Amino acid sequence: MEAGSLLHSHIPWTPPKRLIRRRIGSSFPRFFFISRASSSSSSSSSSNSERGYRGPKPKRDWVADWVSKNDDVVRSLPIYVGGVSLLAVLLNRTVSGIAPVADASSSQSRSDLLTLGLAVTNILTGLVWLSIRPKSISVVSPQGVECQRICSNLPDSVVAELLWVWESMSNVTCCRSLIVVYDSRCILQIGCAAKSSFGDGEAVAVDVNKLMQGSLCQGVIKSGAQSYLANLSLYPGKSELPFLPSNTQAVILQPLGEKGIAIIGGDTIRGFTSSDQAWITLIGEKLDATLSNYLNSLPLAVQD
């Protein structure tokens with residue numbers, strides 16, 4: 001009986017401390033740590049916002065800054081180095097007591113000739129640096145009149161898309177003129193345009209037939225690829241674009257399928273970047289898909 005009572009009696013059991021720690025760590029919610037971390041992060045962020053930014057600062061290239069601020073000195077530096085080297089060789093030749101006539105068998109004469117050659121090369125390099133300077137590229141204000149011509153009877157959605165294209169290009173890129181020709185019709189002429197020679201203050205209208213027969217548009221439409229005239233003044237085909245301001249710096253010719261073309265004029269030489277060109281290509285494809293649904297004869301009208 002005693003043995004049975006001993007077997008049936010309740011023996012208290014306490015788990016090891018390690019298991020208790022593990023269970024407590026796994027069973028208790030972890031939001032205490034998260035809340036503390038969030039509270040600490042919020043307090044630290046508030047303190048950082050009050051104290052100011054203490055993160056890593058961008059490194060400055062002091063050499064590049066100094067060179068850009070002292071461009072004339074840097075360009076003339078090889079002349080000074082070459083001149084000092086030349087005088088040093090002549091002074092060494094005089095003071096050392098060596099015969100002034102160069103002797104091919106003398107190592108000193110050979111080293112002096114080599115030094116003289118390097119000094120003259122430095123002087124010539126400095127003269128070249130002073131004579132050749134990069135041309136500064138600046139934004140040019142177009143010389144012309146503002147115009148906004150949109151085909152009448154176009155759906156509101158198409159007009160809104162055309163205006164969106166113009167606003168996007170004029171705000172993001174150096175675009176200052178936009179002409180859209182589709183199916184032998186000038187769908188859009190907006191931005192700065194050349195002033196008419198009749199003295200009425202109106203913008204020069206786009207002669208679609210003459211434009212589409214020109215070599216520029218024909219080449220772009222046949223190739224189906226974008227043409228970028230980075231410096232318009234260097235291209236003889238500038239005469240085919242009389243409706244653009246006379247001082248237009250750069251032009252992009254973007255084909256719109258096989259029936260249209262978009263002409264984008266910029267105010268900066270090489271102002272359109274590669275990303276701008278890719279973006280304009282995508283916009284041209286979207287305009288082609290939109291305008292291909294509207295091929296009816298639409299007269300040109302001026303929209304206020």
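**Close-up views of a predicted model**

**View 1. Cys174 and Cys175, two cysteines without a bond.** The sulfur of Cys174 lies 7.5 Å from the closest cysteine sulfur, that of Cys175, which is too far for a bond. Cys175 likewise takes part in no disulfide, with the sulfur of Cys174 as its nearest cysteine sulfur at 7.5 Å. A disulfide requires the two sulfur atoms to be within 2.5 Å. By this rule, the count is zero disulfides. Cys174 is buried, at a relative accessible area of 9%, and Cys175 is buried too, at 0%. The model shown here and in the other views is predicted.

**View 2. The aromatic pair Tyr228 and Phe272.** One aromatic pair is found when the whole structure is searched. The ring centres of Tyr228 and Phe272 are 6.0 Å apart and the ring planes stand at 85 degrees, so the pair is edge-to-face. The pair connects distant parts of the chain, as its two residues are 44 residues apart. Tyr228 belongs to strand S4 (residues 227-229), whereas Phe272 sits in the loop between strand S6 (260-266) and helix H10 (274-291). Phe272 is buried, and its relative accessible area is 3%.

**View 3. Helix H5 (residues 71-95) and its kink at Leu77.** H5 contains 25 residues. From its first C-alpha to its last the helix reaches 37 Å, close to the 36 Å expected at 1.5 Å a residue. At Leu77, shortly before the proline Pro78, H5 has a kink of about 35 degrees. Just after the helix, Gly97 adopts a positive phi of about 80 degrees.

**View 4. The buried residues of H5 and their packing partners.** Which residues of H5 are buried? They are Val74, Arg75, Ser76, Pro78, Gly82, Val89 and Arg93.

**View 5. The whole protein, as context for the close-ups.** The secondary structure consists of 10 helices and seven strands. Of the 304 residues in the protein, 31% are buried. Among contacts with a separation of 6 or more, 67% are between residues 24 or more positions apart. The accessible surface amounts to about 20100 Å², and carbon and sulfur atoms contribute 59% of this surface.

Definitions and conventions. Residues are numbered from 1 along each chain as its sequence is written. This is a predicted model: local features need pLDDT of at least 70, side-chain atom pairs count only at pLDDT 80 or more; totals for chains, interfaces and linings use all residues. Side-chain values use heavy atoms; hydrogens and water are left out. Buried means under 20% relative accessible area, exposed over 50%, partly exposed in between (1.4 Å probe, protein chains only). Rings of Phe, Tyr and Trp (its six-membered ring) pair if their centres lie within 6.5 Å; planes under 30 degrees apart count as stacked, over 60 as edge-to-face and the rest as tilted. Helices (H or I, at least four residues) and strands (E, at least two) are DSSP runs, numbered from the N terminus. The expected span of a helix is 1.5 Å times one less than its number of residues. The bend at a residue is the angle between axes fitted to the seven residues ending there and the seven starting there. Contact means heavy atoms within 4.5 Å. Accessible areas come from the Shrake-Rupley method with a 1.4 Å probe; for residues, only the protein chains shown count as cover.
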